[in-house]
Amino acid sequence: MEKDIRQEVREFYGRLAEQAKAGTPASCCSSGSCCTPIANAIVLYDLDKLENLPREAVNFSLGCANPLLLADLKEGEVVLDLGSGGGLDVLAASKYVGPSGKVYGLDMTDEMLALANRNKEQMGVTNVEFLKGFIEDIPLPDDSCDVVMSNCVINLSPDKEKALAEVYRVLKPQGRLCIADIVSVKPVPESARELASLWVSCIAGALDVKEYENILKKVGFKDIEVQPVIVYQGKVLEDIAGGSLKNLSESEVAELDGAFASAYVKARK
């Protein structure tokens, strides 16, 4: 099951990257809409921080919120962005940390990495590096990052505890976890969680708020906050899930309504 989900996610985001290469903008975690009703990066982000970013990076926003609002990045910090996609959050973060800082982007998809590096070259930044790898096996040394952020990515991992333990490992003492993610706020039918198409839509793999908090605590984090901000209901849920809901019964669809939300997740090592 883990390999099936990972392969489905890899292929899905690879197709999206190819669409971006062909000039087709993407703005979502699913093929039909997004992880949030406010998907456009121009709405989610500080316009000053989007200035001079490549259009492909801005148009190719795949997140559910703006993790930079939480990160409070400072000059000279080392930052890691998990599931960096087309590089929007990495390139925006590079402006905060400045020439003395460093921002890594980690992605498992070759097509995404190619898109991100193209955006990096277009922007001409020198404090950014994109790495290939899995968030469950981060290719960076222990205690190497001041901040780890991600945008609608942890929910896609089939082993979230391992992913979050890896985040803890690479953070420096007192380092900060600052992510936007999808959480479940009420019980979700198991049949929905088994649909790979809902996984790539960023919702089937969402953790319950309390479970999220427990995993963060288990791997060692402190000062933990998991705060749902936008609950997905009605048409928004249908847009996120696309045609996947057709594979569920009416009662299962009704149970999904209002079961997921975008959330801000903060913790400290």
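**Around helix α11**

Visitor: What covers the buried residues of α11?
Guide: The cover includes α8 (160-170), β5 (171-184), β6 (207-208), β7 (222-232) and β8 (260-268). Contact means heavy atoms within 4.5 Å. Helices (H or I, at least four residues) and strands (E, at least two) are DSSP runs, numbered from the N terminus.

Visitor: What kind of model is this?
Guide: It is predicted: local features need pLDDT of at least 70, side-chain atom pairs count only at pLDDT 80 or more, and totals for chains, interfaces and linings use all residues. Residues are numbered from 1 along each chain as its sequence is written, and side-chain values use heavy atoms, with hydrogens and water left out.

Visitor: Which residues of α11 are buried?
Guide: In α11 (residues 209-219) they are Val209, Tyr212, Ile215, Leu216 and Val219. Buried means under 20% relative accessible area, exposed over 50%, partly exposed in between (1.4 Å probe, protein chains only).

Visitor: Why are they on the same side of α11?
Guide: They cover an arc of only 130° around the axis. That arc is taken from the directions from the helix axis to the C-beta atoms.

Visitor: Which exposed residues are on the face turned away?
Guide: Lys217 and Lys218.

Visitor: What follows α11?
Guide: Gly220, with a positive phi near 120°.

Visitor: Is Cys145 buried or exposed?
Guide: Cys145 is buried, because its relative accessibility is 0%. Cys152 is buried too, at 3%.
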